[in-house]
Each structure stands twice: as structure tokens, then as C-alpha cells.
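Please keep the sequence and the structure in view while reading.

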Amino acid sequence: MQVTEKECPVITLDGPGGAGKGTVSLKVAETLGWHLLDSGALYRLVGLAAEHHGVALDNEASLGVLAQHLDVQFLADSAAGGVCVVLEGEDVTQTLRTERVGKLASLVAALPQVREALLMRQRAFCEPPGLVCDGRDMGTVVFPQAPLKIFLTASADERARRRFEQLREKGITASLSDLKNDIMERDARDMQRATAPLKPAEDALQLDTTCMSITEVVDLILAEASRRGLVS
Ligand code: C5P
């Protein structure tokens, strides 16, 4: 069945790492009862699968094939923060969120064949009653017709601080300055790549969340969705 725009409105959230996209998307999707696409998880899965299969991170053709045939399941699991991710039969939910896998993701994400392979998989998440998706190119490439596009940013210092806190809550120690360097390196790679670089869509609403709480950001997006007639 072809899902029309009216049956499946899409809210896109793009922006650099640590801007709050993941948490905000989850809360907006939960409030609206819509589906959620964490597109970064797909790139992280390709990076991890490449590692498992010993595929070099510059072997674009093989990585494209790997991305096309990813054997992955997203299972509802309230204990794992909503979703349990299973790659080739193995629960990789925790591993996926590590900085190491984030770096692998940003390397494979620069390759056009990988992006092309993941395009249809991402669009397939669009099912009624609606979709909230987060990533780097949701509003520019994957869902360019989305009726509400948000671009979230925050200062690099604040984003590093948020990552630091997230890790600390999980009992993982990290260096704040290392995290900031990693974030800036990843931002530069995401913004400078030739295919689907990180940038706001022309019609995106840009929000600097440095001094905003999650609740403030979520409420603002919900109000905008309502103002645009996406929710009753
Ligand atoms: O959002 P997350 O940190 O999980 O993304 C990991 C990496 O995947 C990003 O740094 C980026 O390189 C890549 N990515 C992308 N396009 C997306 C989502 C993520 O290039 N739509």
C-alpha cells in the first residue's frame, strides 16, 4: 500500500550529535502515539556489522551490500528505553550507543552506496498515524516533503556536557575534553561530506537548545505540529 502524506505526516529532527534529538524525538513520538525512526541507529548498525564481518571501512561496495542486507530487528522493550536492537541474532542495544560505534557510523555514513542502501529502509518507517524521525538528513533527503522540519543545535561545550552526563548515568567514565574533540571531529565529517551533508533544510525551524530544557523543546514542537494541523 502506498502511504500518502496525509495518512502519514512526518516530523523530522536533524542536527549534530548531542543536540537532544534522540530524547526529544522519543518524547514527541510517545506523546503523539506516532512511530519513531532513529536513523543514526541504522548507520551505527552498518558500522558494527562491518566490524563483525571484518569489512574495511573504505570498502564502499561491500559496505553498501552489508547495508542492503542488514539482518536487524527492533523489538519493543520498555526496560531498554523503548527498543531492543538485535543484529544477526545478538542484542546490540547497549553496544550501539558507544562513542566507538558512533565513530564507525560516521565513517560509513560518508559513503554514498551505504546511504543509498538505507534510503528505502528509512522511508518504510513511514506508517500511519505518523512518523517522528531523527538524524542528519531527514528533512533534506529522506523526507523532503515533511510538513514539519526541525533543526536542533546546541554549543559544542553543552553537547559534550550532555554526553558526559549520559555516560556518567550509565556508570561510564569519560573525559569531557575527549568527548568535545570527538563531537567536533564527527560534526566536521558530517558537515563536509559530499553526500547528504548535515545542514538545515531551507524550510526547517532552527532551535538552539543550549539554554532550553527537553520539556521546553518538546512543548514547542508539539505546539508547532498542532498549529500546522498535523494533530487534532
Ligand atoms: O545520531 P547518531 O549519533 O546515532 O548518528 C551516528 C552517526 O551516523 C552520525 O555521526 C552521522 O555520521 C551518521 N548519520 C547520518 N545520517 C543520519 C543519521 C546518522 O549520516 N540520518
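Proline 129 is found in the loop between helix 6 (112-123) and strand 6 (131-135); helices (H or I, at least four residues) and strands (E, at least two) are DSSP runs, numbered from the N terminus. The peptide bond that leads from proline 128 to proline 129 is cis, with omega near 10°. This is a predicted model, in which local features need pLDDT of at least 70 and side-chain atom pairs count only at pLDDT 80 or more, while totals for chains, interfaces and linings use all residues. Residues are numbered from 1 along each chain as its sequence is written, and side-chain values use heavy atoms, with hydrogens and water left out.

Although glutamate 88 is not a glycine, its phi is positive, at about 50°.

The ligand is surrounded by 16 residues (a heavy atom within 4 Å). The closest are Arg44, Arg115, Asp137, Asp190 and Arg193. By class, the shell comprises 4 nonpolar (Ala, Val, Leu, Ile, Met, Phe, Trp, Tyr, Cys and Pro), 8 charged (Asp, Glu, Lys and Arg) and 4 polar residues (the others, Gly among them). Of these elements of the fold, helix 2 (39-53) gives the most to the shell, with 4 residues.

For arginine 115, the separation between a polar side-chain atom and a ligand oxygen is 2.8 Å. In the side chain of arginine 186, an N or O atom is 2.9 Å from an oxygen atom of the ligand, and arginine 193 likewise places a side-chain N or O atom 2.9 Å from a ligand oxygen. The ligand taken alone exposes 450 Å², of which the protein buries 98% (accessible areas by the Shrake-Rupley method with a 1.4 Å probe). Two or more residues of the shell come from each of helix 2 (39-53), helix 5 (99-108) and helix 9 (176-192).

Helix 9 also packs with other helices. Its axis and that of helix 5 come within 10 Å and cross at roughly 15°, where axes are lines fitted to C-alpha atoms, for helices over the stretch in contact, and angles run from 0 to 180 degrees between N-to-C directions. Helix 5 is therefore roughly parallel to helix 9 (an angle under 35 degrees). The axes of helix 8 (residues 156-169) and helix 9 come within 9 Å and cross at roughly 120°.

How values were computed
Polar contact = N/O pair within 3.5 Å; in protein donor to acceptor, adjacent residues only side chain to side chain. Parallel < 35°, antiparallel > 145°, perpendicular 65-115°, else oblique.
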